[in-house]
Amino acid sequence: MKNLGDMMKQARELQGKMEQLQTELETLEVQGSAGGGMVNVTMTGKGEMTKVAIDPSLMKEDEREILEDLIVAASADAKGKAERAAQEKMKELTGGLQLPPGLGL
């Protein structure tokens, strides 16, 4: 039964590390951009958008649709970066061990 006790201890340690990782992802900020840097979006590591910066030259009524598309593109760029950062942190935590579905982030 010693092995079971060790496994339970490791599971508790992993749970603690996962909670710490979740906290880190909440404070991690990534930036995505589109239009050659004319639109920038900042997101947390959990995918929450916190800031949008738009170059003033895009603030024209006839450019509204282009601006909207660039915001979506910058948001997708930031979200991809946040997901990659989360995956890297998860690899560090698990030592590259593939977790079953539902146990990841």
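## A strand pair and its nonpolar cores

Strand β2 (residues 39–44) and strand β3 (residues 49–54) pair in the antiparallel sense over five bridges, where strands are DSSP runs of E with at least two residues, helices are runs of H or I with at least four, numbered from the N terminus, and pairing requires at least two DSSP bridges. This is a predicted model, in which local features need pLDDT of at least 70 and side-chain atom pairs count only at pLDDT 80 or more, while totals for chains, interfaces and linings use all residues. Residues are numbered from 1 along each chain as its sequence is written, and side-chain values use heavy atoms, with hydrogens and water left out.

N40, which lies in β2, counts as buried because its relative accessibility is 17%, the cut-off being under 20% with a 1.4 Å probe and protein chains only.

| Residue | Contacts (within 4.5 Å) |
|---|---|
| N40 | Q31, G32, S33, K51, V52, A53 |
| A82 | V30, T44, G45 |

The largest nonpolar core has eleven residues, including V30, V41, M43 and A82; such a core is a set of buried Ala, Val, Leu, Ile, Met, Phe, Trp, Tyr and Cys residues joined through side-chain atoms within 4.5 Å. Two or more of its residues come from each of β1 (29–34), β2 and α2 (64–94), and α2 gives the largest share, five residues. Another core, of six residues, lies apart from this one and includes M18, A86, M90 and L93.

Technical notes
Buried means under 20% relative accessible area, exposed over 50%, partly exposed in between (1.4 Å probe, protein chains only). Contact means heavy atoms within 4.5 Å. Lists of a residue's contacts leave out its neighbours within four places in sequence.
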